[in-house]
Amino acid sequence: MTVADMAAAAKVVAAAKEADPEMVVIVITGFATIESTVEAMKAGAYDYLPKPFTPEALIAVVQRGLEKRALSFAWDVVMRGSKAEGAALEMIDLLGKIEG
């Protein structure tokens with residue numbers, strides 16, 4: 001992965017996080033390096049998955065990301081009385097279906 005590619009990937013991650021700070025961004029790449037991993041994580045990526053990966057690895061990362069998002073919604077509801085309560089409950093229901 002070139003420096004320009006790393007910068008572009010970091011910009012995409014940063015733009016996604018700017019659009020929704022609670023968004024769980026998972027970077028998938030065929031050109032993993034320590035530098036690109038660090039750049040993605042600094043930009044706000046939740047996780048970084050290098051190719052090739054197993055379906056189980058992808059499922060595990062997505063499940064953890066969904067759990068983080070559900071906990072974030074629940075925290076928002078508890079701490080701020082947010083109107084996101086319905087979305088939080090839907091997310092928790094979805095997690096139950098995935099884990100079940």
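What percentage of the 100 residues of the chain count as buried, and which residues make up the largest nonpolar core?

Reply: This is a predicted model, and 27% of the 100 residues of its chain count as buried. The largest nonpolar core consists of seven residues, namely Val 13, Ala 16, Val 25, Val 27, Ala 40, Ala 45 and Tyr 48. Taking Val 13 as a point of entry, and leaving aside residues up to four places away in sequence, one finds that this side chain's residue touches Val 25, Val 27, Ala 40, Ala 43, Gly 44 and Ala 45.

As for the setting, the chain has four helices and two strands, which follow one another along the sequence in the pattern α-β-α-β-α-α. Of the contacts between residues at least 6 apart in sequence, 39% join residues at least 24 apart.

Trp 75 has its place in helix 3, residues 55-80, and it does not count as buried, because its relative accessible area is 54%, which makes it exposed. The chain as a whole exposes about 6600 Å², of which carbon and sulfur atoms supply 65%.

Confidence should be kept in view throughout, since the chain averages a pLDDT of 80, with 78% of the residues scoring at least 70. Among the elements, strand 2 (residues 47-50) has the highest mean pLDDT, 90, whereas helix 4 (residues 85-99) has the lowest, 66. Where pLDDT is low, predicted coordinates should not be read in detail.

Key. Residues are numbered from 1 along each chain as its sequence is written. Side-chain values use heavy atoms; hydrogens and water are left out. A nonpolar core is a set of buried Ala, Val, Leu, Ile, Met, Phe, Trp, Tyr and Cys residues joined through side-chain atoms within 4.5 Å. Buried means under 20% relative accessible area, exposed over 50%, partly exposed in between (1.4 Å probe, protein chains only). Contact means heavy atoms within 4.5 Å. pLDDT is the predictor's confidence in each residue, from 0 to 100. Accessible areas come from the Shrake-Rupley method with a 1.4 Å probe; for residues, only the protein chains shown count as cover.
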